[in-house]
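Please find below a report on a single protein model. The sequence and the structure are shown first, and the discussion follows.

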Amino acid sequence: SINSSGTPVQSFGDVIDGLVIDVAERMNERGESGMMTGLHIFDSRYGWHGGDLVIIAGETSQGKSTLATTIAYNMSYNGIPTAYYSMEMSAKQLAARIIARQTQVSSSLTLYGKLNNDEYSRMYDGTLQMKNLPIYFDEERKTTFTGICGSIRGVVKRYNVRVVFIDYLQILANGRGDNREQLIGDMARDLKRLAVDTNTCIVALSQLARAVGSKEPSISRMRGSGQIEEACDMAVLIHRPNVSSDWAKLYIAKGRNI
């Protein structure tokens, strides 16, 4: 049926019929389930989904970008087209970081050093295996929030991108007025609407304010926390008790529908 504004209206029965079909198709491995990230903490909860806004938050140097690029690689390796917008790193720097995890040649050495023959061979072979991964970067339109939103719509249409990473929210708010908390909250709500409109999963990284006392992460320390928490479907906190270690704790501080 159509309501007075010309938009389709579904009855509860219509929705239930569609839900039953979805369940049956997944049982027969034909329906769409969540997008797997390669990390058990998310995949055991049915992965990530189109229309969701995921926030990954942590203090400086806690591993937010490393976590995001790892998941971006995992998802693209499994054939899920991915877009990545970084306000701190160029596309080459991001690519070197992604390659490093698979080749064991450090990104800094790849970018700035002189590789020996063995290192070059591993790096070169790794790039050949990975060059067709469906990861996309838009260097020209990543400097403003409006530009990123427009670019997301474009890559979704052109490349069928299904998951988008934005690294990170607070940088986009720099120099845009005094009420940064309100601005960050507005951006989070706009990203949630964009995720729904494009049926993509948007993953935005966010800074946590430095801890006073306990160093355990808390969603209340997220800059613009109340409005970001309200807008997102999942909030993930990352914490490295020892910044020199190669492991981190992840906490799901909010999980809508999980």
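## Setting of glutamine 62

Where does glutamine 62 lie? Glutamine 62 is placed in the loop between strand S1 (53–58) and helix H3 (64–77), where helices (H or I, at least four residues) and strands (E, at least two) are DSSP runs, numbered from the N terminus. With 7% relative accessibility, glutamine 62 counts as buried; buried means under 20% relative accessible area, exposed over 50%, and partly exposed in between (1.4 Å probe, protein chains only).

The side chains of glutamine 62 and histidine 239 are joined by a polar contact of 3.4 Å. A polar contact is a pair of N or O atoms within 3.5 Å; within protein, one must be able to donate a hydrogen and the other to accept it, and residues adjacent in sequence count only if both atoms are side-chain atoms. Leaving aside residues up to four places away in sequence, glutamine 62 touches Ile238, His239, Arg240 and Val243, contact being defined as heavy atoms within 4.5 Å.

## Basis and overall organisation

The model is predicted: local features need pLDDT of at least 70, side-chain atom pairs count only at pLDDT 80 or more, and totals for chains, interfaces and linings use all residues. Residues are numbered from 1 along each chain as its sequence is written, and side-chain values use heavy atoms, with hydrogens and water left out.

The protein has 10 helices and 7 strands. Of its 258 residues, 44% are buried. Among contacts between residues at least 6 apart in sequence, 64% join residues at least 24 apart. The accessible surface comes to about 14,200 Å², and carbon and sulfur atoms account for 49% of it; the areas come from the Shrake-Rupley method with a 1.4 Å probe, and for residues only the protein chains shown count as cover.

## Salt bridges

Side chains of opposite charge can pair when their charged atoms come close. A salt bridge is here a side-chain nitrogen of Lys or Arg within 4 Å of a carboxyl oxygen of Asp or Glu, and the count by this rule is 7. One of them links arginine 122 and aspartate 118 at 3.1 Å, N to O. These two residues are 4 residues apart in helix H6 (residues 117–130), and are therefore separated by about one helical turn. Arginine 122 is partly exposed at 31% relative accessible area, and aspartate 118 is partly exposed at 47%. Another salt bridge joins glutamate 139 and lysine 142 at 3.2 Å, N to O; glutamate 139 is partly exposed at 37%, whereas lysine 142 is buried at 12%.

Aspartate 233 and arginine 256 also form a salt bridge, at 2.8 Å, N to O. This pair links distant parts of the chain, 23 residues apart: aspartate 233 is in the loop between helix H10 (225–231) and strand S6 (234–239), and arginine 256 is in the segment after strand S7 (249–255). Aspartate 233 is buried, at 5% relative accessible area, while arginine 256 is partly exposed at 35%. Salt bridges with shared partners unite Lys192, Asp233 and Arg256 in one network.

The whole structure contains 5 aromatic pairs. Rings of Phe, Tyr and Trp (its six-membered ring) pair if their centres lie within 6.5 Å; planes under 30 degrees apart count as stacked, over 60 as edge-to-face and the rest as tilted. The ring centres of phenylalanine 42 and tryptophan 48 are 5.1 Å apart and their planes are at 50°, so the pair is tilted. Both phenylalanine 42 and tryptophan 48 are buried.

Leucine 19 lies in helix H1 (residues 12–27) and is partly exposed, at 47% relative accessible area.

## Backbone geometry

Most residues other than glycine have a negative phi, and most peptide bonds are trans. The peptide bond from aspartate 167 to tyrosine 168 is cis, with omega near 5°. Tyrosine 168 is in the loop between strand S4 (163–167) and helix H8 (169–172).

Glutamine 104 has a positive phi, near 60°; it lies in the loop between helix H4 (91–103) and helix H5 (107–112) and is exposed at 63% relative accessibility. Asparagine 199 likewise has a positive phi, near 55°. Asparagine 199 is in the loop between helix H9 (180–198) and strand S5 (201–207), and counts as partly exposed at 49% relative accessibility.
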